[in-house]
Amino acid sequence: MASKSVLLLLVVFFASLSSLSFSEKIIVGDSNHWRFGFNYTDWAMKNAPFYQHDSLVFMYDPPNSTTPPHSVYLLKDLNSFLACNLKGAKLVGSVVQGGGQGLEFVLKKRKPHYFACGEHSGVHCNLGLMKFSVFPIKDSCHG
Ligand SMILES: *[C@@H]1O[C@H](CO)[C@@H](O)[C@H](O)[C@H]1NC(C)=O
Ligand SMILES: *[C@@H]1O[C@H](CO)[C@@H](O)[C@H](O)[C@H]1NC(C)=O
C-alpha cells in the first residue's frame, strides 16, 4: 500500500517535471530584445523548431523622448506578412506592454504565426526587419 503511493507520487513528480522542461520561454531576439534593425527572420530560423505551448517573450521599453515605440502584431496571413501590411492584423502587445518582464505570447495553436512590429505603418517591419514567422509543432513529449 505504502509503496504504491510512493510510486504514484514519483509518477506525478516526473510528469510535472517534464511539463516544466518542455514548454520553454523564449526571449525574442535573445539579448537584442525587440528592436529596429535586428534580423528576426534569421533569428527565428536559427531558433526553430518552436513547440506548441512554448511562449515567446517580447522585450521592449516603453517609448519616451529617446526610446522609439515598438509593438507586436499578429499579421493576418502570409501575403500581409510579406508586404508588412497591417490591415486586419491583431494587436498582441501595445507600445507599453514590452517593459519589465516583457510581453509573453503563448503559442497555443499549431498554425503559422506572423509577428511584426506595427509602428510607423509597417516601416519597422519592412526596413527595420522586425518580423518573423513561426509554425509551432506538436510537443512530442506530450503525445
Ligand atoms: C535576414 O536573414 C535572412 C535569413 O538568414 C536572409 O535571407 C535575409 O537576407 C536577411 N535580411 C537582411 C536584410 O539581411
Ligand atoms: C527612456 O527610456 C529608456 C529605457 O527605458 C531609459 O533608459 C531612459 O533613461 C529614458 N529617457 C528619458 C529621457 O526618460
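Q: How many helices and strands does the protein chain have, and which pattern do they follow along the sequence?
A: Begin with the kind of model: this one is predicted. The secondary structure of the protein chain comes to 4 helices and 7 strands, and, read along the sequence, these follow the pattern α-β-α-β-β-α-β-β-β-α-β.

Q: What share of the contacts in the protein chain with a separation of 6 or more joins residues 24 or more positions apart?
A: In the protein chain, 70% of the contacts with a separation of 6 or more are between residues 24 or more positions apart.

Q: How many residues are in the largest nonpolar core, and which of them have the most contacts inside it?
A: The general idea is that, in soluble globular proteins, nonpolar side chains tend to be buried together. Here the largest nonpolar core has 22 residues, and those with the most contacts inside it are Trp 34, Leu 56, Phe 58, Phe 115 and Phe 132. The elements that give two or more residues to this core are helix H2 (40-47) and the strands E2 (55-58), E3 (72-74), E5 (103-106) and E7 (131-134), with the largest share, 3 residues, coming from H2. A second, separate core has 6 residues, among them Leu 75, Cys 84, Tyr 114 and Cys 125.

Q: Which residues does Phe 115 touch, leaving out those up to four places away in sequence?
A: With that exclusion, Phe 115 touches Leu 56, Phe 58, Val 72, Tyr 73, Leu 74, Phe 81, Phe 105, Leu 107, Met 130, Lys 131, Phe 132 and Val 134.

Q: Is Ser 80 counted as buried or exposed, and why?
A: Ser 80 counts as buried because its relative accessibility is 7%, and the cut-off for buried is under 20%. This serine is placed in helix H3 (residues 78-83), where its side chain makes a polar contact of 2.8 Å with the side chain of Asp 77. Not counting residues up to four places away in sequence, Ser 80 touches Leu 75 and Asn 85.

Q: Which residues surround ligand 1, and of which classes are they?
A: Ligand 1 is surrounded by Asn 39, Asp 42, Met 45 and Leu 129, a shell of 2 nonpolar, 1 polar and 1 charged residues. A polar side-chain atom of Asn 39 lies 2.4 Å from an oxygen atom of ligand 1, and an N or O atom in the side chain of Asp 42 is 2.7 Å from an oxygen atom of this ligand. Taken alone, ligand 1 exposes 360 Å², and the protein buries 40% of that.

Q: Which residues surround ligand 2, and what classes make up its shell?
A: Around ligand 2 are Asp 61, Asn 64, Ser 65, Thr 66 and Thr 67, a shell with no nonpolar, 4 polar and 1 charged residues. A polar side-chain atom of Asn 64 lies 2.3 Å from an oxygen atom of ligand 2, one of Thr 66 lies 3.4 Å from a nitrogen atom of ligand 2, and an N or O atom in the side chain of Thr 67 is 3.3 Å from an oxygen atom of ligand 2. Taken alone, ligand 2 exposes 370 Å², of which the protein buries 40%.

Key:
Residues are numbered from 1 along each chain as its sequence is written. Chains are lettered from A and ligands numbered from 1 in the order in which they are written. This is a predicted model: local features need pLDDT of at least 70, side-chain atom pairs count only at pLDDT 80 or more; totals for chains, interfaces and linings use all residues. Side-chain values use heavy atoms; hydrogens and water are left out. A residue is near a molecule or strand if one of its heavy atoms lies within 4 Å of it. A polar contact is a pair of N or O atoms within 3.5 Å; within protein, one must be able to donate a hydrogen and the other to accept it, and residues adjacent in sequence count only if both atoms are side-chain atoms. Accessible areas come from the Shrake-Rupley method with a 1.4 Å probe; for residues, only the protein chains shown count as cover. Ala, Val, Leu, Ile, Met, Phe, Trp, Tyr, Cys and Pro count as nonpolar, Asp, Glu, Lys and Arg as charged, and the others, Gly among them, as polar. A nonpolar core is a set of buried Ala, Val, Leu, Ile, Met, Phe, Trp, Tyr and Cys residues joined through side-chain atoms within 4.5 Å. Buried means under 20% relative accessible area, exposed over 50%, partly exposed in between (1.4 Å probe, protein chains only). Contact means heavy atoms within 4.5 Å.
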